[in-house]
Amino acid sequence: EAEKDAEKQRESEAELQRKEEIEQRRKDLERLKEQQRQREIRLKAEKEKIEREKEKLARQQEELRRQQEQLEKIRQEQLNKKLSSTTTTTTQRPKNEFRNCLMNPWPSDGKIVCENSAKARGNYIVKTGDKCSLECNSGYVSLEARETVCANGVWSKELICVKPGAMLIV
């Protein structure tokens with residue numbers, strides 16, 4: 001009978017140990033589920049943050065596009081004014097005489113290269129029909145164009161470097 005009691009005691013201890021192991025596994029599983037839930041919450045928050053950033057960037061790009069259109073309209077109006085005011089002056093000049101353009105080779109946040117153009121007092125002297133190219137510094141992009149052409153003393157485009165997403169006030 002002592003053997004039966006000892007056997008029952010061992011079975012009881014084994015059963016108790018199995019129950020403890022099951023309880024420990026249950027606790028581990030609950031802990032892992034909680035960690036997974038926390039990860040999902042963080043992931044959801046990150047996704048929402050990314051979406052907000054994408055929307056903000058889209059709004060900034062739309063605003064930049066709108067400002068570029070306004071800038072182009074203003075430039076066109078200024079060019080038309082210049083052309084209409086220079087029309088009277090050009091009639092006094094010989095038809096084959098064209099005005100040169102001046103270009104600063106070191107705009108803020110970049111540099112400009114005008115091949116085959118002379119320099120005087122730090123500026124390029126560019127002949128009508130010749131081009132200049134813009135190279136922006138690292139972390140900057142061209143606002144409107146990377147190249148411009150001299151047209152009888154007037155540039156076809158303005159060369160400007162800006163940070164991506166930067167707002168331009170005209």
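Predicted model: local features only at pLDDT ≥ 70, side-chain atom pairs only at ≥ 80, totals over all residues.
User: Hi! Which element gives the most to the lining of the largest pocket?

Analyst: That would be α1, with eight residues. A pocket here is an open set of points on a 1 Å grid over the protein atoms alone, where a 1.4 Å probe fits and protein lies on both sides within 12 Å along at least five of seven lines; lining residues have an atom within 4 Å of a point.

User: Thanks. Back to the pocket: which residues lie nearest its centre?

Analyst: Arg75, Gln78, Lys82, Val154 and Trp155, out of 14 lining residues. The elements giving two or more residues to that lining are α1 and β8.

User: How do the lining residues divide into nonpolar, polar and charged?

Analyst: Six are nonpolar, three polar and five charged. In this scheme Ala, Val, Leu, Ile, Met, Phe, Trp, Tyr, Cys and Pro count as nonpolar, Asp, Glu, Lys and Arg as charged, and the others, Gly among them, as polar.

User: New topic: how many salt bridges does the count come to?

Analyst: The count comes to 15, taking a salt bridge as a side-chain nitrogen of Lys or Arg within 4 Å of a carboxyl oxygen of Asp or Glu. One of them joins arginine 10 to glutamate 7, at 2.7 Å from N to O. Both sit in helix α1 (residues 2-92), three residues apart, about one turn of the helix.

User: Which residue forms a salt bridge with lysine 111?

Analyst: Glutamate 135, with the closest N and O atoms 3.8 Å apart. Lysine 111 is in strand β2 (residues 110-113) and glutamate 135 in strand β5 (residues 131-136), so this pair ties together parts that are 24 residues apart in sequence.

User: And where do those strands sit in their sheet?

Analyst: The sheet is open, with four strands in the order β2-β5-β7-β8 and antiparallel pairing. Its edge strands are β2 and β8, each pairing on one side only. Two strands pair if DSSP finds at least two bridges between them; β5 and β7 are joined by three.

User: What about the sheet with β1, β4 and β3?

Analyst: That one is open and antiparallel, with three strands in the order β1-β4-β3. β1 (101-103) and β3 (118-120) each have a single partner strand, so one side of each is left without a neighbour in the sheet. Three bridges join β1 to β4 (residues 123-126), and cysteine 101 stands opposite valine 126 in β4.

User: Last one: what links Glu144 and Lys157 with Glu72, Arg75 and Glu158?

Analyst: A network of salt bridges. Within that group, glutamate 144 and lysine 157 form a salt bridge, the closest N and O atoms being 3.7 Å apart.

Notes: Residues numbered from 1 in each chain as written. Heavy atoms only, no water.
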